[in-house]
Amino acid sequence: MAQTTVGDIRRVLEEAYPPHLAEKWDAVGLICGDPEDEVGKVAFALDCTQQVAEKAVEMGAQMLVVHHPLLLRGVTSVAADTPKGKVIHTLLKGGVALFAAHTNADKARPGVNDKLAELVGIEPGRPIIPHALSDAEVTETSLGLGRIGELPEPMTLREFTQQVANALPETAWGIRAAGDPDGIVKRVAVSSGSGDSFLDAARELDVDVYVTSDLRHHPVDEHLRAGGPAVVDTAHWASEFPWTMQARDIVEKAYKVDTEIIELRTDPWTLSVHGK
């Protein structure tokens with residue numbers, strides 16, 4: 001019986017998250033490793049930090065699948081005494097290939113945004129930003145960034161924000177919201193990861209609340225003063241980490257390999273305090 005290879009895992013993930021869907025600036029696919037190497041165990045994480053790389057080696061994985069590309073921004077060296085180089089050397093010395101599915105996984109169906117939509121309580125419908133802008137009509141199943149859907153029952157923004165907090169993995173950052181806490185929300189838009197560039201789009205889509213990450217003071221203030229919907233701001237890691245379960249399931253369905261999600265919280269924020 002033929003052994004599963006790095007190339008096999010790459011193929012099934014690229015079928016699920018086609019590389020052509022990635023934004024032009026993105027860098028997705030196999031980052032390091034030999035496609036012909038055999039794989040008996042695949043690990044999954046959101047980020048390939050040094051700690052994650054060491055954990056992948058420790059657990060005996062031959063491949064690590066992540067969402068955020070390690071080499072997204074240009075580097076001139078991967079020497080072992082540079083931060084990214086140290087990660088690469090750790091992986092290669094430990095026999096671990098590295099693969100990333102980023103904006104292609106955001107746009108695919110099912111993808112990162114579908115998982116987020118389901119967790120916050122909506123059926124994932126049409127995207128906020130369709131992938132093919134030339135499409136005559138955006139449908140409920142169109143590919144693209146973000147998802148829109150409706151809650152089974154209306155609730156207050158306060159209740160909905162608590163529902164989001166209960167559904168997403170916990171971070172020191174927590175969940176915060178902007179808008180009337182007692183305002184009623186029913187129609188919801190979500191965008192995994194940094195989503196303040198879609199605030200204008202959210203205002204045009206007749207939604208009651210927009211869930212995303214990495215929101216900033218001035219864009220949110222201007223958005224609300226322009227009559228935009230309430231916003232719920234999550235930690236970037238929290239909105240995307242659940243995708244690792246989806247990617248794991250894809251690999252498990254295709255190949256008889258061991259899989260393990262690396263549960264390390266790679267959200268960089270470690271403390272959140274309020275004055276007494």
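These notebook entries record what I looked up in a predicted model of one protein chain.

**Entry 1: overall form**

I began with the secondary structure and found ten helices and twelve strands in the chain. I then looked up the radius of gyration, which is 19 Å, close to the 19 Å that the globule rule gives for 276 residues, so the chain is as compact as a globular protein of that length. For the extent of the C-alpha trace along its principal axes, I noted about 55 × 50 × 35 Å.

Of the 276 residues, 50% are buried. Among contacts with a separation of 6 or more, 67% are made by residues 24 or more positions apart.

**Entry 2: charges and salt bridges**

I looked up the charges and found 26 positive and 42 negative ones, with mean positions 2 Å apart. Side chains of opposite charge can pair when their charged atoms come close. With a cut-off of 4 Å between side-chain nitrogen and carboxyl oxygen, the count comes to twelve salt bridges.

I examined the pair of aspartate 114 and arginine 147, whose closest N and O atoms are 2.9 Å apart in a salt bridge. This pair links distant parts of the chain, 33 residues apart: aspartate 114 belongs to helix α5 (residues 112–120) and arginine 147 to strand β7 (residues 147–156). Are these two residues buried or exposed? I found both aspartate 114 and arginine 147 buried. I also noted that Arg109, Asp114 and Arg147 are linked in a network of salt bridges.

I then took the salt bridge between the side chains of arginine 216 and aspartate 196, at 2.8 Å from N to O. Arginine 216 sits in the loop between β10 (209–213) and α8 (217–225), and aspartate 196 in the loop between β9 (184–194) and α7 (199–204), so this pair ties together parts that are 20 residues apart in sequence.

**Entry 3: backbone geometry**

I checked the backbone next. Most residues other than glycine have a negative phi, and most peptide bonds are trans. The peptide bond from arginine 109 to proline 110, however, is cis, with omega near -5°. I located proline 110 in the loop between α4 (103–107) and α5.

Aspartate 206 has a positive phi, near 55°, although this residue is not glycine. I placed aspartate 206 in the loop between α7 and β10. With a relative accessible area of 63%, aspartate 206 is exposed.

Where does aspartate 214 lie? I found aspartate 214 in the loop between β10 and α8. Its phi is near 60°, again a positive value in a residue other than glycine. Aspartate 214 is partly exposed, at a relative accessible area of 28%.

**Entry 4: glutamate 263**

Last, I looked up glutamate 263, which lies in the segment after β12 (258–261). Glutamate 263 has a relative accessible area of 56%, so I recorded this residue as exposed. I also took the separation between the C-alpha atoms of glutamate 263 and proline 83: these residues are 180 residues apart along the chain, and the distance is 22 Å.

Notes. Residues are numbered from 1 along each chain as its sequence is written. This is a predicted model: local features need pLDDT of at least 70, side-chain atom pairs count only at pLDDT 80 or more; totals for chains, interfaces and linings use all residues. Side-chain values use heavy atoms; hydrogens and water are left out. Helices (H or I, at least four residues) and strands (E, at least two) are DSSP runs, numbered from the N terminus. Buried means under 20% relative accessible area, exposed over 50%, partly exposed in between (1.4 Å probe, protein chains only). The radius of gyration is taken over C-alpha atoms; the globule rule is 2.2 Å times the number of residues to the power 0.38. Contact means heavy atoms within 4.5 Å. Lys and Arg count as positive and Asp and Glu as negative; His and the chain ends are not counted. The place of a charge is taken as NZ of Lys, CZ of Arg, CG of Asp or CD of Glu.
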